[in-house]
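My entries follow the order in which I looked things up.

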Amino acid sequence: MRKTLITLSLALAALALFTTSASAQSAEHCAAGQSPNYVFGFAELHTWLGDTMGAPASCEYADPNGTGDTEQNTAAGLAFWRKSTNTPTFTDGWEHWALTPSGQVTWTGSSIDPPPGATLIVSKWTPPARSKTTACVSSDGLPDAGCTPGALNPDVTQDTIGTTICVSGYTARVRPPTSYTSPLERQLLVAYGLPGAPPANFELDHLISLELGGAPRDPANLWPEPYAGDSNARQKDVVENYLRGQVCTGALQLDEAQRLIATDWLSVYRQIRP
């Protein structure tokens, strides 16, 4: 019955999309002064699908059937986030695309959830391998991608967040001791062209933070992030806490949060602290 109601909701939303005038759609479900925009999972869907998904035609809104799902009309169909499976999905009414813990998948038919036979397009995001250890250069608040691409803790997955990062005290249990981090910080300051710089001016930062399942000791995940500047360690700490909250409430998949913190944390900061 629940699936029938959800399917009916999607059909009605898609019908409204094509029968409502473009001018009315532009502010549908938007607060005063707000414009339709894609964020987080829907933004990644659009990055993947482009014109197939089309531009946002409304702001996000709760499924009127009370499922807890989130929906958003687009110029080509409907984007929806499934609370029960934490799956951002786009449908044009027959073909469907979704971001799952296994990666990007597509399928056709009447099911709004990925069936066992869904076609895997791209596996879930993982950081690339470290390609160099010297001549590192940071830019725009991010480390050198070759020196510090990030690294993951294999014990933290989407299935284990309830016993790892979403449990109070987790980071304290896995954080490496200063006997390990202090010598490494001096080495990384040299690698980043900062020999003799006071370590107190920097945070030895886990690019993929421990609270998002980053590797605790891997040098590929650690770099000297300055406390000063337009983009700095304290700002990134705000983003780390925010993304952990999103993951632990089910609003964002773990691998997407890891990708954002490793490659685009400044964009997240500007969204939450405009």
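**Basis.** I worked from a predicted model, in which local features need pLDDT of at least 70, side-chain atom pairs count only at pLDDT 80 or more, and totals for chains, interfaces and linings use all residues. Residues are numbered from 1 along each chain as its sequence is written, and side-chain values use heavy atoms, with hydrogens and water left out.

**Entry 1: strands.** I found Ala98 opposite Val105 of β6. I took helices (H or I, at least four residues) and strands (E, at least two) as DSSP runs, numbered from the N terminus. Strand β5 (residues 95-100) runs antiparallel to β6, and six bridges join them; strands pair if DSSP finds at least two bridges between them. I then checked burial (buried is under 20% relative accessible area, exposed over 50%, partly exposed in between; 1.4 Å probe, protein chains only). In β6 (residues 103-108), five of the six residues are buried, so the strand is largely enclosed by the rest of the structure.

**Entry 2: Thr148.** I located Thr148 in the loop between β7 (119-123) and α4 (170-174). Its relative accessibility is 2%, which means that Thr148 counts as buried. Leaving aside residues up to four places away in sequence, I noted contacts of Thr148 with, among them, Tyr192, Leu207 and Trp223; contact means heavy atoms within 4.5 Å.

**Entry 3: α6 and α8.** I read that the axes of helix α6 (residues 233-248) and helix α8 (residues 265-272) come within 9 Å and cross at roughly 80°. Axes are lines fitted to C-alpha atoms, for helices over the stretch in contact, with angles from 0 to 180 degrees between N-to-C directions. The two helices α6 and α8 are therefore roughly perpendicular, a label for angles of 65 to 115 degrees. Residues meeting there include Val239 and Tyr242 in α6, and Trp265 and Tyr269 in α8.

**Entry 4: salt bridges.** I counted seven salt bridges in the whole structure, each a side-chain nitrogen of Lys or Arg within 4 Å of a carboxyl oxygen of Asp or Glu. In one of them, the closest N and O atoms of Arg259 and Glu44 are 3.9 Å apart. This pair links distant parts of the chain, helix α7 (residues 254-263) and helix α3 (residues 40-49), 215 residues apart. Arg259 is partly exposed at 22% relative accessible area, whereas Glu44 is buried at 17%. I also recorded a salt bridge between Asp69 and Arg82 (3.0 Å, N to O), both buried.

Note on methods: Angles under 35 degrees count as roughly parallel, over 145 as roughly antiparallel, 65 to 115 as roughly perpendicular and the rest as oblique.
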